[in-house]
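Here is a short report on helix packing, charge pairs and a surface patch. Have the sequence and the model open as you read.

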Amino acid sequence: MTADHRPQWVAGQRPGVADAVLPPGVAEGRATMPALLRHRARTTPGRVALREKVRGVWQPTTWHAYFEQVRAFALYLQAQGFGPGDTLVIAGDGTPEWFHADLAAQALGGVTVGIYPTNPWPELQYIVRHCRARVAVCGDQEQTDKVLDAMRHGDGLPDLQHVITVDPKGMRRYAQPMLHRWADALAEGRELAQDATRRAAFDAGIDALDPAQDALIVYTSGTTGMPKGARISHRGIVSDAATLGATQGLPGQPLTVLCYLPLCHVAERLMSPVMQLVYGSVVHFAESIDAVTQNLREVGPSFFFGVPRIWEKLQQQILIRSREARPLARLALERALAVATPIAERTIANHGRPASVRDAAVAWLLRVGVFSNLLASVGLDRVRVAMTGGASISPSVILFFRAMGVPIHQIYGMTETSGATHAQTAAHARLGWCGPLLPGLVEQRVAPDGELQVRGPLVFNGYLYDEAATAAAFDDGWLKTGDVVELDAATGEVAIVDRKKAILITSGGKNITPSLIENALKESLYISESILLGDGRHFVSALIQIDLDTVGQWAQERGLAYTTYESLAGLAEVRTLVEADVKRVNDRFSRVENIRRFVILKKQLDHDDGELTATMKVRRGVIEKKFASEIEQLYGRAKEAA
């Protein structure tokens, strides 16, 4: 591992959480994740920790069984020579085995690296080679095949010694000696755990873990280059989970959570396994990304974190269902939202409290009489705490759900800060803002160019094997976030203007903030992605991707024939539909920010084609190259002036 570049922090800072509601050591920053698991197994052994759907039935795992399986797999790894400082990679969807492998490696003093299940083998090869992983845990045959492909091509994977497959279906004829089945590894580990001396040594190893040491490596999304491995400590991510949960009022509340986002992303890692260890929640694993809505309805989570695209999709589902309902029900929703939206705005302005008794009563009646069934149809009727982050989100989406009684709080952070640095609360929930700093964990400053910079114990330990990138990430001990912000000096709240590198400067010298306009476009039911152009050019234009589901339904209702996304996008009527939304957005912004021209993309942006990162962020550099002809179509006539 490279040296620790995290800036020094004042000893004795506390996350601002009452000690009585947290496991030992959390409030003081002394806890590690394996120690928290052991604490839960000892204090609440029979309580359910995990649930996974098997043959249509949600099967529970208790905290005691959770710990025993982690210990068994850790002892197996140890027998294979895995130890302190070694790296284990996990490629697959979220499952109990993902959690087990993650904590087993950490319990031995190692680190874990998650790999997106959608990553093709060349991206997997880069990450596994770069982190020098010794062991790979693969969810199924598909992920195992990618590892084997990575071993066969180029320089292979020279450090990799063992590949363990959780679900070996279809792999009967695989004969490589380095391949192992998860069930066999666990059985061998259970045999080793029969030895009291080994069990005692395992516990002693957990006690010896340093909270400041690396616990996991999270690779950045790679929007501007090759991914970098951010080294996250136990102290950083555990303290982040504890303090974020406290700001949302989680201590003492029984939590039900649905794990559905990739666990290699720092947000899902923070919200599911780490938050669970700190607060004792019950994590349910989604069957697949396609089954999330169904699983949401079945689980009815009390705590739900969604990236902006998830909230946008849920909003679309609710609106589509209302359009398909009888006219009276559709009219009832429209009237209810017309009444509830200003109530929500007044509640936000009144620091989370209803502005009047009448507002409180009307909001309750609307929730019970109109909104509850719609929320139940997408599984949000039991949500008490909801958060969003990971990218910018339109305030109108948040206001929509707040009007329906779902209190979404926006958070802000990045991989390099172990997750969140800012979080809205009931008292600080201004639309378009991200809330104040998490108390006791981080401080901030704004550079002369508007960039937010932070420091504190949740800041990462540096980039793996990359001293130059680590040094470039800091300015005199302050982490440079790369985000331009507006700061409220009185409250410490921030509003994200845009990524520093994303700001467009037209040839006339006008600064344009793309995300504001792109989010305004994506408020439309019919637009799923938009990329603003205009840097160094005379005017602003846009590449637009339509939403296949909603535009497809719109076309069917009007008898318009299409067979594929491309044929749908090419319909003149669809262009007219999108033009109306572009005009609506243009009316909200100044003339220099108006979209003068746009092109509807003939294909959907895809991670496999390199246009999106694994977290569905647009790779702007790739987009400008791959859609050069479309951009030439927009800017081909140089005589066009702003």
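## Helix crossing

Helix 16 passes helix 19 in a right-handed crossing. Right-handed means that the near helix is turned clockwise from the far one by less than a right angle. Helices here are DSSP runs (H or I, at least four residues), and strands are DSSP runs too (E, at least two), numbered from the N terminus.

Helix 16 spans residues 514-522 and helix 19 spans residues 572-586. Their axes come within 9 Å and cross at roughly 135°. Helix 16 is therefore oblique to helix 19. Axes are lines fitted to C-alpha atoms, for helices over the stretch in contact, and angles run from 0 to 180 degrees between N-to-C directions. Under 35 degrees counts as roughly parallel, over 145 as roughly antiparallel, 65 to 115 as roughly perpendicular, and the rest as oblique.

## Basis of the model

This is a predicted model: local features need pLDDT of at least 70, side-chain atom pairs count only at pLDDT 80 or more, and totals for chains, interfaces and linings use all residues. Residues are numbered from 1 along each chain as its sequence is written, and side-chain values use heavy atoms, with hydrogens and water left out.

## Salt bridges

Side chains of opposite charge can pair when their charged atoms come close. The whole structure holds 31 salt bridges (a side-chain nitrogen of Lys or Arg within 4 Å of a carboxyl oxygen of Asp or Glu). One of them joins aspartate 102 to arginine 269, with the closest N and O atoms 3.1 Å apart. This pair links distant parts of the chain, 167 residues apart: aspartate 102 lies in helix 3 (residues 96-107), arginine 269 in helix 9 (residues 266-279). Both aspartate 102 and arginine 269 are buried (under 20% relative accessible area; exposed is over 50%, partly exposed in between; 1.4 Å probe, protein chains only).

Aspartate 488 pairs with arginine 430 at 2.8 Å between the closest N and O atoms. Aspartate 488 is buried, at 18% relative accessible area. Arginine 430 is partly exposed, at 32%. Lysine 522 and glutamate 529 meet at 3.6 Å, N to O, and both are buried. Arg38, Arg42, Asp203 and Asp207 are linked in a network of salt bridges.

## Surface patch

Trp364, Leu365 and Val368 form a nonpolar surface patch, with about 340 Å² of accessible area together. Areas come from the Shrake-Rupley method with a 1.4 Å probe; for residues, only the protein chains shown count as cover. Patch residues have over 30% relative accessible area and no salt bridge; like charges are joined within 9 Å, nonpolar side chains (Val, Leu, Ile, Met, Phe, Trp, Tyr) within 5 Å. Valine 368 sits in helix 13 (residues 357-377). Valine 368 is partly exposed, because its relative accessibility is 46%.
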